[in-house]
Amino acid sequence: MSNIFNYGSSHLTIGTCLDIASGKVKGVIDTEAAEKIRSSWREVEKIVHAQHPVYGINTGFGPLCDTRISEADTSLLQSNLLKSHSVGVGNPIPQEIAKLMMISKVQALTQGFSGIALATLERIIWHIDNNITPIVPEKGSVGASGDLAPLAHLFLPLIGFGEVYENGERLPAAKVLAKHNLQPLILGPKEGLALINGTQFILAFAIKAVQRLNDALNRADLIGAISLEGLMGSARPFDERLHQLRPYKGTKLVAKRLHTLLKDSEICNSHVNCDRVQDPYSLRCMPQVHGASRNAWLHLKELTEIELNSVTDNPIVFNAEDTISGGNFHGQPLAMVLDYATIATAELGNIADRRCYLMSEGRYGLPKLLTNNAGLNSGLMIPQYTTAALVTENKTLCFPASADSVPTSLGQEDHVSMGSISGRKLNQVIDNLEYIQAIELLYASQAMDFRRPLKSTPVVEACHALVRERVPHIGDDRIFADDINALHQIVTDGTFLTIANNTAIAHHINLNDDEFGIY
């Protein structure tokens with residue numbers, strides 16, 4: 001993979017977008033894109049000089065679209081737009097999300113249909129490259145006419161207003177610009193509108209969710225395999241022949257992964273001829289349940305990548321005589337799929353909670369509450385309370401924000417997507433799922449301890465060994481929050497998946513499918 005990406009000329013993937021945000025890849029504007037940008041800018045200048053009305057260039061905004069603006073005031077109109085639309089409230093969004101907003105906005109604007117100045121785009125890229133990240137409040141967008149409020153806050157620093165983070169310190173943008181010997185920009189006609197029209201707030205949360213949910217799906221199969229070993233469940237339901245009869249992509253992949261993870265396991269082989277007819281759903285239906293969530297993820301990935309390479313400005317400038325005031329800024333395409341993905345994420349937590357409960361019941365040769373000293377010790381009674389609480393919290397977050405609409409702008413914007421809420425809620429549900437998975441890992445590793453001296457497969461054993469490096473086997477009661485937090489750390493920092501993937505590679509085991517990657 002190249003360490004240079006050409007904005008506006010190349011197709012931007014989710015993985016590359018994340019790599020630009022992390023500094024692994026540098027985004028630049030090549031000569032081809034620069035010429036498209038200059039050409040579009042010249043077309044906007046023609047519109048201003050010709051004085052025929054074009055929305056947002058020489059007219060007011062929203063319900064003021066019939067109010068004409070003089071040529072002399074077109075620049076003031078744009079800076080006023082950024083100021084008046086900066087109405088966000090709440091905590092600042094994560095700095096990575098703000099960077100993803102800037103990156104995706106540059107990709108949209110460099111395609112040459114927005115009439116923005118090259119110097120403005122170069123200033124945004126300067127912010128990205130130097131990790132000088134605007135402070136954007138989390139609430140205030142209704143997800144149509146663009147993510148107006150968050151995008152206005154994002155670009156206030158261009159004109160010397162707002163605040164930014166530099167080296168972790170929250171500072172006035174004007175002070176930081178002065179420190180770097182930079183002057184605030186004077187926006188030209190159409191620039192303010194081009195900056196705040198778009199779905200980049202929704203999109204940034206979608207990009208991050210694609211990455212995080214992909215990791216969660218991969219962990220779900222691995223942790224589910226450890227749980228199955230602890231419960232001495234059967235690998236027969238993961239037979240490829242079964243899933244060719246109902247060939248959903250996600251289901252087939254999960255079945256393949258589970259079959260591969262458990263192949264030649266001593267634990268599985270030790271009870272092949274037992275009298276257990278079938279396992280509970282939370283074990284034998286992992287391909288169907290985890291797989292359904294994978295299908296939802298695949299849909300989210302597809303639409304997110306389309307949006308990442310789309311022009312979501314308004315109006316679109318083809319040339320001075322051909323502009324279209326449409327609705328490419330409307331967030332509904334992402335809002336609905338984000339709500340769908342929220343349900344898919346919640347279901348991963350739901351089935352994981354059931355496996356935790358199953359392991360605590362004292363069935364299949366396991367001690368009740370996974371302790372040999374129940375009574376004096378509560379064992380793993382209470383961590384499942386936490387999974388139950390998190391599962392219910394996730395259910396309450398599954399109400400689809402995209403099913404609601406509150407008219408705004410005096411009725412001019414009479415149907416909105418609320419996709420900004422969809423994107424934020426999805427990431428909240430993923431937050432909760434990561435704790436649920438840490439707790440299932442606590443249960444599954446404890447249950448597997450009771451199957452010794454039998455061994456599982458290399459990948460499962462490596463994952464179990466990692467857990468035992470961080471959290472010892474549970475004998476007597478202790479403060480289990482410490483164990484949960486230790487396992488949450490390896491879940492969220494990538495250590496768990498890295499160990500699993502490295503072990504798989506070392507043993508020539510293929511667990512992945514390119515279609516379910518983000519690059």
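Where is Phe113 found? Phe113 sits in the loop between helix H4 (95–109) and helix H5 (118–129), with helices taken as DSSP runs (H or I, at least four residues) numbered from the N terminus. The model is predicted, so to speak of local features takes a pLDDT of at least 70 and side-chain atom pairs count only at pLDDT 80 or more, while totals for chains, interfaces and linings use all residues. Residues are numbered from 1 along each chain as its sequence is written, and side-chain values use heavy atoms, leaving out hydrogens and water.

At 30% relative accessibility, Phe113 counts as partly exposed; that label covers whatever falls between buried (under 20% relative accessible area) and exposed (over 50%), using a 1.4 Å probe and protein chains only.

Turning to the inside, the largest nonpolar core has 72 residues, and Ile124, Phe155 and Leu195 touch the most other members. Such a core is a set of buried Ala, Val, Leu, Ile, Met, Phe, Trp, Tyr and Cys residues joined through side-chain atoms within 4.5 Å. Neighbours within four places in sequence aside, Phe155 is in contact (heavy atoms within 4.5 Å) with Leu82, Met102, Lys105, Ile124 and Leu195. A second, separate core of 47 residues has Leu366, Ile439, Ala444 and Leu497 among its members.

Then there are the rings. The structure holds 4 aromatic pairs, meaning Phe, Tyr or Trp rings (for Trp, the six-membered one) with centres within 6.5 Å; planes under 30 degrees apart count as stacked, over 60 as edge-to-face and the rest as tilted. Trp297 and Phe516 are stacked, because their ring centres are 6.0 Å apart and their planes at 20°. Both Trp297 and Phe516 are buried.

Definitions and conventions
Helices (H or I, at least four residues) and strands (E, at least two) are DSSP runs, numbered from the N terminus.
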